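The following exercises are to be worked with the sequence and the three-dimensional model at hand. Each task is followed by a solution in steps.

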Amino acid sequence: MQRYLGFIFTLLLLTGCEDFLSKEPDNRANLDSKEKIAELLVTAYPEANYAAFCEAMSDNAEDNPQGQIQPINADAYFWRDHSTTDQDSPEYYWNACYAAIAASNHALRAIRTAPDSMAMQALKGEALVARAYSHFMLVNLFAQTYDSATASTNPGIPYVTEPETVSFKTYKRASVKEVYNRIERDLLDGLPLINDQAYQTNGGSSSGVPKYHFTKAASHAFASRFYLFKKEYTKVIEHANQVFIQQDIKTLLRPWNSTYRGYSAQELSLNYTKSSEKANLLLCETASNWARSFLGNRYSTGLQRYREIFNTQSMVGMYSYSVLRSSSQAYIINKFREHFVRVGTNANTGFIYTMLPLISAEEVLFNRAEAHAMLFHFNESLADINIWVSTRVTNYDPAVHNVTFNKLYNYYQKNVNQQAIVAGILDFRRVEFLHEGMRWFDVLRHKLPVRHTTADGQILELSSTDPRRIIQLPVQAIASGGLEPNPR
């Protein structure tokens with residue numbers, strides 16, 4: 001059954017800033033040099049933010065009556081089909097992903113037809129891995145989470161591999177299994193071609209900053225995430241090991257109990273998303289006001305959630321995270337800094353951007369720890385957890401603060417090693433990635449129920465089988481004989 005996806009092409013301008021596509025939307029056939037293709041690939045990453053709606057959908061959020069009600073935030077909290085297409089909405093993210101995919105596809109076509117295509121293999125590798133990443137994010141937000149038993153019958157998303165050359169083109173929703181197979185093919189074809197040196201040749205341009213691109217480390221890190229979702233745990237470990245090869249893992253993690261501990265809130269926001277921060281493996285500048293809105297949204301991390309999330313410090317000791325309380329009674333870690341771009345030299349209006357860490361060394365470590373646990377490598381899993389603990393606990397002493405089997409048993413009241421360790425990993429991930437949207441993906445992977453309450457006493461339940469866990473496709477994709485909507 002064929003469906004329409006033509007809106008992808010017409011929405012390539014949604015990213016706002018003066019990128020390659022927005023400056024020359026009709027001139028992409030002139031990708032006649034390695035430099036032009038490299039500049040195009042700067043836009044092959046979704047310049048939109050999923051954290052805002054993912055946080056509100058997850059169990060990190062609660063009702064803070066002193067916060068401001070925003071449709072995007074409220075729709076996500078109540079698991080409603082979204083009523084707005086503004087930035088920080090699911091539809092905006094969908095469009096940004098397909099715009100990024102379009103950039104990859106145009107680059108790949110230019111490379112295929114270039115007389116010196118063999119000299120562009122590193123660019124080809126980046127385009128393939130970037131295309132895989134955007135499809136991966138889309139299928140996990142807008143389709144059923146991967147399950148080998150049902151993936152072949154569950155509808156996924158369109159997997160687009162050719163450039164859009166007409167305003168309307170027919171597509172269909174591939175199955176989740178087919179989407180995953182294509183992601184894996186792009187990832188494995190692209191990863192060996194990645195060459196980090198390719199990002200060092202353009203001086204101060206955006207295409208010359210490695211942390212904004214899929215480097216070898218970032219690509220292996222993405223692979224560790226992909227195989228964690230696919231539950232191929234040996235491959236998770238293999239790719240995670242490639243990220244940490246010949247590295248002291250501790251030096252790659254954010255130094256929360258040393259350097260970060262001395263930062264003011266402003267200093268933290270300046271440093272958390274810097275490209276010089278070793279923990280950041282892949283960064284993206286997103287058209288988003290998340291750096292502002294997460295301080296004052298009504299449905300955010302309040303006192304109840306703060307106590308729940310950080311309760312695990314009773315097991316390991318006092319965390320060194322700098323947690324503040326905003327005027328709306330939201331408990332925040334000031335990770336993000338707003339970047340305001342004026343529309344003109346003397347203008348008072350402009351566009352708001354937020355830098356978002358897409359992949360970090362901490363995630364890779366947790367991916368490996370979970371994979372070890374699922375393969376019954378319990379000592380290896382605990383060792384990974386305790387590397388993280390050593391950089392997170394104030395006045396860290398391994399004899400006092402390290403996680404042990406007994407601590408896990410006592411805290412979770414689970415006497416099965418695997419269950420206790422995975423429960424701990426999920427809780428530590430929840431602490432680590434607060435405000436970054438990652439908790440929602442753990443909710444999906446592990447089929448965790450979510451409970452939201454309101455200030456007037458309503459109790460809202462999202463069970464492990466609730467169809468609202470799958471975000472509805474954008475209205476434009478469904479309308480006028482478009483893509484088949486997700487069930488409700």
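**Exercise 1.** At what angle do helix H17 (residues 378-389) and helix H20 (residues 417-432) pack, and how far apart are their axes?

*Solution.* The model is predicted: local features need pLDDT of at least 70, side-chain atom pairs count only at pLDDT 80 or more, and totals for chains, interfaces and linings use all residues. Residues are numbered from 1 along each chain as its sequence is written, and side-chain values use heavy atoms, with hydrogens and water left out.

Step 1. Identify the elements: helices (H or I, at least four residues) and strands (E, at least two) are DSSP runs, numbered from the N terminus.

Step 2. For H17 and H20 the angle is about 20 degrees, and the axes are 11 Å apart.

Step 3. Classify the angle: under 35 degrees counts as roughly parallel, over 145 as roughly antiparallel, 65 to 115 as roughly perpendicular and the rest as oblique. H17 and H20 are therefore roughly parallel to each other.

Step 4. Determine the hand: a crossing is left-handed if the near helix is turned anticlockwise from the far one by less than a right angle, and right-handed if clockwise. H17 and H20 cross in the left-handed sense.

Step 5. List the residues in contact (heavy atoms within 4.5 Å). H17 contributes Phe-378, Ser-381, Ile-385 and Trp-388, while H20 contributes Asn-417, Gln-418, Ile-421, Ile-425, Phe-428 and Glu-432.

**Exercise 2.** Describe how helix H9 (residues 216-230) and helix H10 (residues 233-243) cross, and state what the buried residues of H10 pack against.

*Solution.* Step 1. The axes of H9 and H10 come within 8 Å and cross at roughly 160 degrees.

Step 1. H9 and H10 are therefore roughly antiparallel to each other.

Step 2. The crossing of H9 past H10 is left-handed. Among the residues making the contact are Ala-217, Ala-221 and Ser-224 of H9, and Val-236, Ala-240 and Val-243 of H10.

Step 3. Apply the burial classes: buried means under 20% relative accessible area, exposed over 50%, and partly exposed in between (1.4 Å probe, protein chains only). In H10, the buried residues are Tyr-233, Val-236, Ile-237, His-239, Ala-240 and Val-243. They pack against H9, strand S4 (280-287) and helix H16 (361-374).

Step 4. Consider the spacing: an α-helix has 3.6 residues a turn, so residues three or four places apart point the same way.

**Exercise 3.** Classify the aromatic pairs Phe-214 with Phe-222 and Phe-376 with Phe-378.

*Solution.* Step 1. Rings of Phe, Tyr and Trp (its six-membered ring) pair if their centres lie within 6.5 Å; planes under 30 degrees apart count as stacked, over 60 as edge-to-face and the rest as tilted. The whole structure holds 38 aromatic pairs.

Step 1. Phe-214 and Phe-222 are 5.9 Å apart, centre to centre, with 40 degrees between the planes, and form a tilted pair. Phe-214 is buried at 0% relative accessibility, and Phe-222 is also buried, at 0%.

Step 2. The ring centres of Phe-376 and Phe-378 lie 5.9 Å apart and the planes stand at 80 degrees, so this pair is edge-to-face. Phe-376 is exposed, at 56% relative accessibility, whereas Phe-378 is buried, at 16%.

**Exercise 4.** Which residues does Leu-473 touch, not counting residues up to four places away in sequence?

*Solution.* Step 1. Leu-473 is in the loop between strand S11 (459-462) and helix H22 (475-478).

Step 1. Leu-473 is buried, with a relative accessible area of 4%.

Step 2. The residues that Leu-473 touches are Trp-94, Phe-142, Arg-173, Ile-478, Leu-483, Glu-484 and Asn-486, with the sequence neighbours up to four places away not counted.

Definitions and conventions: Axes are lines fitted to C-alpha atoms, for helices over the stretch in contact, and angles run from 0 to 180 degrees between N-to-C directions.
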